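Q: Please walk me through this structure. I would like to start with the overall layout and then go on to individual residues.

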Amino acid sequence: MSALPLLLSLAAAAAAAAAPAAPAQEPPPIVVRAPEPAQPQTPATMVVEPVAMMIATFDANGDALVDRSEMIDGVRASFEAIDTAHTGALRYIAYSDWAATFLGDANALPSPYEVDRNNDGQVTLDELLDQFSRLFARYDKDGSKTISRAELLTFRTMPIGADGPTMGRGAPRGKGKPDAGAVPRGGHDPRAPEPDDKADGDREGGNGAGGR
């Protein structure tokens, strides 16, 4: 009588072994999603001038501040990198190379005409240092003798779109109207009436050419 359960157990085990194996579960399908549509860039309300970006790179000790000695060293190094012939001066074409390398564009400000104080057609290291000295005084808004990153930012009262600064500029013909609330630099409101040329002429001599 005791052998019957053993036989039943062996029969069940044999039946289980003979049963076909369950199919392996397939992995979930890979879903490739289409890229999200491009979002328009947020209009900029603060920008960095090319020369301000260059001044920020003069931070030699990594304290996020630029002092005058760091600026002088940085300007001198940039000048010598272009003045490979060691002439002590950059002709205007060489100055354009300097601007393209360190300001990001050959036409970026300051222009050679602004830096060349004696108008001799070339920019010396002293002239370039003099220009940067004036820039340092302009950016050092708090008079701390150092320039912070915040002082190098230029804030705009109106956003700048992807096409560049358009505040106060009339739209090109056929491309819409200027912003009704925009006032160009200098404070003249384009909605204000233009001065009367005839009245100006009468005040200056009666014919617009000025009295003598």
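This is a predicted model: local features need pLDDT of at least 70, side-chain atom pairs count only at pLDDT 80 or more; totals for chains, interfaces and linings use all residues.

Q: Which residues have the most contacts inside the largest nonpolar core?
A: They are Ile55, Phe58, Val75, Trp98, Leu128, Phe132 and Tyr139, in a core of 28 residues. Two or more residues of this core are supplied by each of helix 2 (50-56), helix 3 (68-82), helix 4 and helix 6 (125-139).

Q: Which element gives the largest share of this core?
A: Helix 6 does, with 7 residues.

Q: Let us take Ile55. Buried or exposed?
A: Ile55, which lies in helix 2, is buried, because its relative accessible area is 0% and the cut-off for buried is under 20%.

Q: What is Ile55 in contact with, leaving aside its neighbours within four places in sequence?
A: The partners of Ile55 beyond those neighbours are Val66, Phe132, Tyr139, Ile147 and Leu152.

Q: What about Val75, buried or exposed?
A: Val75 belongs to helix 3 and is buried, with a relative accessible area of 0%.

Q: What does Val75 touch, not counting residues up to four places away in sequence?
A: Val75 touches Phe58, Leu125, Leu128, Leu129 and Phe132. Between Val75 and Phe58, 17 residues apart along the chain, the C-alpha separation is 8.2 Å.

Q: At what angle do helix 3 and helix 6 pack?
A: The packing angle of helix 3 and helix 6 is about 145°, and their axes are 10 Å apart. The crossing of helix 3 past helix 6 is right-handed.

Q: Which residues make the contact?
A: Helix 3 contributes Arg68, Met71, Ile72, Val75, Arg76 and Phe79, while helix 6 contributes Leu125, Leu128, Leu129, Phe132, Ser133, Phe136 and Ala137. By residue type, this contact of helix 3 with helix 6 has 10 nonpolar, 1 polar and 2 charged residues.

Q: Turning to the loops, where is Asp105 found?
A: Asp105 sits in the loop between helix 4 (92-102) and helix 5 (112-115).

Q: What is Asp105 in contact with, leaving aside its neighbours within four places in sequence?
A: Asp105 contacts Ala99 and Ala100. A polar atom of the Asp105 side chain also lies 2.7 Å from the backbone nitrogen of Asn107. As for Pro50, 55 residues away along the chain, its C-alpha atom is 8.4 Å from that of Asp105.

Q: Which residues does a cis peptide bond join?
A: The cis peptide bond joins Leu109 and Pro110, with omega at about 5°. Pro110 is in the loop between helix 4 and helix 5.

Q: Now backbone angles. What is phi of His86?
A: For His86 phi is near 55°, a positive value in a residue other than glycine. His86 lies in the loop between helix 3 and strand 3 (89-91).

Q: Why does His86 count as exposed?
A: The relative accessibility of His86 is 67%, and exposed requires over 50%.

Q: Where is Lys145 found?
A: Lys145 is in the loop between helix 6 and strand 5 (146-148). Although Lys145 is not a glycine, its phi is positive, at about 70°. Lys145 counts as exposed because its relative accessibility is 60%.

Definitions and conventions: Residues are numbered from 1 along each chain as its sequence is written. Side-chain values use heavy atoms; hydrogens and water are left out. Helices (H or I, at least four residues) and strands (E, at least two) are DSSP runs, numbered from the N terminus. Contact means heavy atoms within 4.5 Å. A polar contact is a pair of N or O atoms within 3.5 Å; within protein, one must be able to donate a hydrogen and the other to accept it, and residues adjacent in sequence count only if both atoms are side-chain atoms. A nonpolar core is a set of buried Ala, Val, Leu, Ile, Met, Phe, Trp, Tyr and Cys residues joined through side-chain atoms within 4.5 Å. Buried means under 20% relative accessible area, exposed over 50%, partly exposed in between (1.4 Å probe, protein chains only). Axes are lines fitted to C-alpha atoms, for helices over the stretch in contact, and angles run from 0 to 180 degrees between N-to-C directions. A crossing is left-handed if the near helix is turned anticlockwise from the far one by less than a right angle, and right-handed if clockwise. Ala, Val, Leu, Ile, Met, Phe, Trp, Tyr, Cys and Pro count as nonpolar, Asp, Glu, Lys and Arg as charged, and the others, Gly among them, as polar.
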